Amino acid sequence: MRKLLVFVFLFLSSHVFAQPQLEGGLETFIKSNLHYPEFSLRNCVEGTVTIAFQLNNEGQVISSAVQSGVGTDLDDEALRMIRKSSGKWKIPPGYDTKLLLVVPVNFKLEGLGCELRNKAEIQQAIASYKAEQGLTDAI
């Protein structure tokens with residue numbers, strides 16, 4: 001009886017928790033398609049952008065948005081990466097397409113001397129970017 005309960009639990013949990021998988025893996029996809037944005041590269045801006053998105057039964061991204069970001073062109077690049085993955089997701093049978101998937105996209109610069117820049121300079125660059133974007137959005 002105990003073995004039957006364990007089997008039922010494993011069977012149910014494998015169906016309840018089955019998640020979509022990106023062909024080749026999300027990390028590999030991001031590494032091979034990521035283009036570090038110019039502003040953030042020039043100003044040594046790094047960080048993690050969290051993207052929330054939904055998939056349909058064909059593995060296409062049907063909605064996506066920045067859930068939390070850096071506030072620079074890194075946000076746009078992370079969103080572009082998730083949208084570019086559209087149609088490449090394998091959807092398990094019975095997957096609830098109303099679920100929201102949340103993925104962190106990490107941006108890290110190495111070997112460019114960014115460790116020599118102080119945080120205040122980087123924060124000033126981010127503030128400048130946001131101000132410029134605000135003006136552009138107002139027009």
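Helix α4 buries Asp73, Leu74, Asp75, Glu77, Ala78, Leu79, Met81 and Ile82, where buried means under 20% relative accessible area, exposed over 50% and partly exposed in between (1.4 Å probe, protein chains only). Helices (H or I, at least four residues) and strands (E, at least two) are DSSP runs numbered from the N terminus. The 12 residues of α4 reach 16 Å from the first C-alpha to the last, close to the 16 Å expected at 1.5 Å a residue, the expected span being 1.5 Å times one less than the number of residues.

The model is predicted, with local features needing pLDDT of at least 70 and side-chain atom pairs counting only at pLDDT 80 or more, while totals for chains, interfaces and linings use all residues. Residues are numbered from 1 along each chain as its sequence is written, and side-chain values use heavy atoms, leaving out hydrogens and water.

Turning to α2, its buried residues are Phe29, Ile30 and Asn33. These residues lie on the same side of α2, because they cover an arc of only 95° around the axis, taken from the directions from the helix axis to the C-beta atoms. Glu27, Lys31 and Ser32 are exposed on the other side of α2. The buried residues of α2 pack against β1, α4 (73–84) and β5 (101–107).

Glycine 25 sits in the loop between β1 (21–22) and α2 (26–33). Its relative accessibility is 26%, so glycine 25 counts as partly exposed. Although 64 residues apart along the chain, glycine 25 and tryptophan 89 have C-alpha atoms separated by 9.4 Å.

Terms used: Contact means heavy atoms within 4.5 Å.
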